[in-house]
Amino acid sequence: METHFTPAIGLADDGAIATFRERVLEKLTYFVGKDAAHALEHDWFMATALATRDYVTRHWMDSTRRTYREGSKRVCYFSLEFLIGRQLFEALGNLGLTDTAREALADLGVDLDRLRKREADPGLGNGGLGRLAACYLEAMSTMRIPAYGYGIRYDHGIFRQALTDGWQVELPEEWLSSGNPWEFERPEVTYTIGFGGMVETASGSDGTARAIWRPADSVRAVAYDTPITGWRGAHVNTLRLWSARAADPISLADFNRGDHVGALTERVRLEAVSRVLYPADHTAAGQELRLRQEIFFASASLQDILRRHQAQHGDLLTLPDHVAVQLNDTHPVIAIPELMRLLVDVHGMNWDLAWDITRSVFNYTNHTLLPEALEKWSVPLMEGLLPRHMQIIFLINALHLDELRTRGCNDQQVLSAVSLIEENGGRSVRMGNLAFLGSQHVNGVSALHTALMRKTVFREFETLYPGRIVNKTNGITFRRWLYQANPTLTDLIIRAIGPTVLDDESRLHELEAFAADASFRERFAAIRRANKVALGRLVAERLSLPLNPDAIFDVHIKRIHEYKRQLLNLLETIALFNEMRARPTAQWVPRVKIFAGKAAAGYQQAKLIIKLATDVARIVNRDPIVRDRLKVVFLPNYNVSLGEAIIPAADLSEQISTAGMEASGTGNMKLALNGALTIGTLDGANIEIRERVGAENIFIFGLLADEVAARRHAGLDASATIAASPALAQALEDLEAGVYSPDDRSRYKGLVDGLRHHDFFMVCADFESYRTTQRQIEATYRDPASWWRMAILNTAHMGWFSADRAILEYAHQIWDAGPEKT
């Protein structure tokens with residue numbers, strides 16, 4: 001799709017085009033080692049990326065020098081995921097070089113848009129958690145807040161999802177196989193991370209006891225830096241990722257004895273730390289590897305922070321004045337005892353002072369109320385792998401509980417709830433509790449989520465430490481999810497309300513005046529249809545399935561999980577299919593159901609839901625009665641680039657999680673920003689979206705969070721609910737009878753039994769409300785004036801959901817960090 005504007009600097013001039021062209025040719029010759037006459041598309045991509053990186057690096061160096069010169073406070077964002085997406089168009093767009101690059105390459109007979117497809121999606125994340133981290137790092141650059149993102153440079157990412165006979169298959173992600181032109185290896189920035197061993201006690205020079213940890217083995221963390229450019233090149237921050245390197249790459253003694261494979265065993269074992277994101281943890285080895293990953297990147301990052309701080313400021317006592325660390329979920333929380341270890345054991349600081357500094361430096365973002373996502377590590381595993389950290393955690397816990405007793409808190413239930421150690425069913429460390437205790441602020445990511453945190457998982461903490469929990473509703477970067485993903489819509493918006501909206505998303509509200517303009521609605525609708533045609537081409541290429549661009553493109557794109565309720569959508573799809581077959585002459589509104597998302601490797605129920613989606617698609621898409629009035633699509637290997645193709649083409653956004661279970665969501669924001677109408681529960685940020693766009697411009701259904709809790713308390717048997725809904729009963733009977741699984745008629749029997757007798761996620765309870773709302777949506781779609789007015793109003797009122805707004809709230813209210821001077 002052609003870009004119609006240059007967002008940052010204006011039209012490319014001849015001199016800039018010539019300079020860019022020369023730099024690309026230089027990179028092609030001297031870095032790629034190819035002659036223009038024989039270069040392949042990937043060669044041109046590498047040369048273009050390297051040339052663009054030079055422009056980025058100039059801004060990066062300026063930003064770094066300015067940060068050192070001004071002594072600015074740095075934000076360090078710790079996240080196990082950074083789903084940054086392809087970088088070429090983001091860098092070009094943020095620097096205002098897109099048109100310059102396009103024309104320069106055209107002079108060389110190269111199509112920039114074709115090169116875009118040659119770039120691999122970095123395999124550094126799985127879903128919303130990693131994408132939020134990426135949005136926030138870019139927003140910090142745009143807001144000129146000095147920052148480092150810290151994570152792991154996974155060789156193979158999460159996994160590449162393929163489908164074999166409809167079942168998810170996990171394959172290695174090969175995003176690094178052709179090289180990564182955006183990163184800078186820093187072999188001089190290397191830290192040693194220890195595991196296992198024993199802790200000894202020695203007397204210090206002042207007679208005090210001092211712990212000495214002697215690890216059994218260790219691995220080196222080597223830094224790789226990727227510059228992250230802000231809008232208009234205002235500032236460039238650093239994403240620093242750690243790669244594991246064994247101290248000894250090979251055992252020459254074993255190799256020379258003829259054990260050529262065994263000579264590499266230790267290296268493979270140690271370097272597994274940075275191979276794969278979220279290794280399956282259903283085995284003891286998998287659990288240990290996950291904990292190794294967490295301490296690996298937390299320790300390397302903290303050692304890096306302390307080294308930099310001492311070099312620039314000297315005294316570690318001033319660390320909270322110059323550094324704020326944000327823990328993105330519980331994965332990095334092991335950083336809290338690790339900082340205590342570094343301050344007390346390595347730098348000789350007394351305990352109380354070290355604890356004050358630690359609590360002043362860290363802040364924690366909670367992303368879920370699901371018990372399985374609030375990590376717990378068994379005490380035996382911790383004692384075996386991180387014995388000194390376990391000692392520190394025990395001491396933090398003992399001092400904390402003693403302090404509470406001194407304050408008069410002797411309620412054993414309260415003390416048990418806030419303890420860092422879970423005593424039931426085997427002792428384990430509660431990382432969520434540790435995060436709360438070791439952080440200055442704890443934030444939720446939507447108003448509802450934060451309120452539920454106070455009432456549920458951190459209820460006792462909220463009573464003991466009122467005010468520590470705050471809300472920071474998530475945001476998204478409009479640069480990627482509107483300007484880059486949907487350039488024609490961006491062009492229409494600019495023509496309507498002016499180019500300053502690119503620098504101030506709050507001005508989107510001026511678009512509201514155009515919702516009543518029939519001509520504007522037609523242009524808005526035409527852009528959507530063109531995006532649907534483009535998505536249809538992609539689906540046809542990948543799945544050999546033609547799509548009707550005049551149908552409702554009904555989009556459900558997110559990680560596959562029972563609480564996200566792809567199953568509810570599929571059951572309604574079956575019910576709709578049954579209705580269409582029963583009344584083939586009715587005037588049905590055509591519908592295309594689009595699913596995409598990955599299931600965790602060990603999550604069998606989620607994998608079964610993917611299989612069901614493909615089974616339903618196989619039956620529906622071949623049916624001669626419904627024809628193109630209903631199609632079902634499951635697009636494998638969902639990633640940022642696929643999202644950029646789907647979101648601008650979406651008419652309907654499925655945000656149908658069980659109320660009270662979705663922390664916030666950001667897909668809901670991206671889709672609404674592009675004018676998709678939302679069908680959703682009052683969950684997560686859906687509530688705030690409704691407040692902004694208006695209740696009349698969103699389709700809300702289902703139980704409320706407190707109603708879900710009450711229903712669970714009353715019992716989970718859904719037999720009566722199913723009996724009261726003929727459409728649901730028939731859909732479940734079809735599944736149970738094997739209509740959608742003729743090769744294995746019992747495939748979905750367990751799934752149906754679970755829905756009938758243990759409807760924990762309220763799939764049956766919400767079915768009729770969901771189905772009725774879907775019929776309302778179809779009635780609205782029949783009225784184009786109403787539909788497109790609602791779509792425009794959604795886009796117009798999404799400005800508040802910018803990551804820039806969210807980051808400024810963090811900066812002012814949590815980090816006490818301000819933008820640098822220009």
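A: Strand 18 (residues 591-596) and strand 19 pair in the parallel sense over 5 bridges. Two strands pair here if DSSP finds at least two bridges between them. Helices (H or I, at least four residues) and strands (E, at least two) are DSSP runs, numbered from the N terminus.

Q: Before we go on, where does the model come from?
A: It is a predicted model: local features need pLDDT of at least 70, side-chain atom pairs count only at pLDDT 80 or more, and totals for chains, interfaces and linings use all residues. Residues are numbered from 1 along each chain as its sequence is written, and side-chain values use heavy atoms, with hydrogens and water left out.

Q: Which residue in strand 19 is the bridge partner of isoleucine 594?
A: Valine 633.

Q: Which way do the residues of strand 19 point?
A: Leu630, Val632 and Phe634 point one way, Lys631 and Val633 the other, and all are buried.

Q: What unit do strand 18, helix 23 and strand 19 make?
A: A right-handed β-α-β unit, with helix 23 at residues 604-621. Right-handed means this: with the strands pointing away from the viewer, the path from the first strand over the helix to the second runs clockwise.

Q: New topic. What is the strand order in the sheet of 9 strands?
A: The order is 5-8-9-2-1-10-11-15-16, in an open sheet with mixed pairing. The edges are strand 5 (184-195) and strand 16 (469-471), each pairing on one side only. Neighbouring strands are turned by 25° against each other on average, direction ignored.

Q: How do strand 1 and strand 2 pair?
A: In the parallel sense, over 4 bridges. Phenylalanine 78 has tyrosine 150 in strand 2 as its bridge partner.

Q: Which strands does helix 2 lie across?
A: Strand 1, strand 5, strand 8 (217-229) and strand 9 (236-245). Helix 2 runs at about 100° to strand 9. Axes are lines fitted to C-alpha atoms, for helices over the stretch in contact, and angles run from 0 to 180 degrees between N-to-C directions. Contact means heavy atoms within 4.5 Å.

Q: How do helix 31 and helix 32 pack?
A: At an angle of about 105°, with their axes 6 Å apart. They are therefore roughly perpendicular. Angles under 35 degrees count as roughly parallel, over 145 as roughly antiparallel, 65 to 115 as roughly perpendicular and the rest as oblique.

Q: Which residues meet there?
A: Ile777, Thr780 and Tyr781 in helix 31 meet Pro784, Ser786, Trp787 and Met790 in helix 32.

Q: Last one. What about phi in aspartate 329?
A: Positive, about 80°, although aspartate 329 is not a glycine. Most residues other than glycine have a negative phi. Aspartate 329 counts as buried, at 7% relative accessibility.

Q: And is serine 544 buried or exposed?
A: Exposed, with a relative accessible area of 65%. Serine 544 has a positive phi too, near 55°.

Key
Buried < 20%, exposed > 50% of the residue type's maximum accessible area, 1.4 Å probe, protein only.
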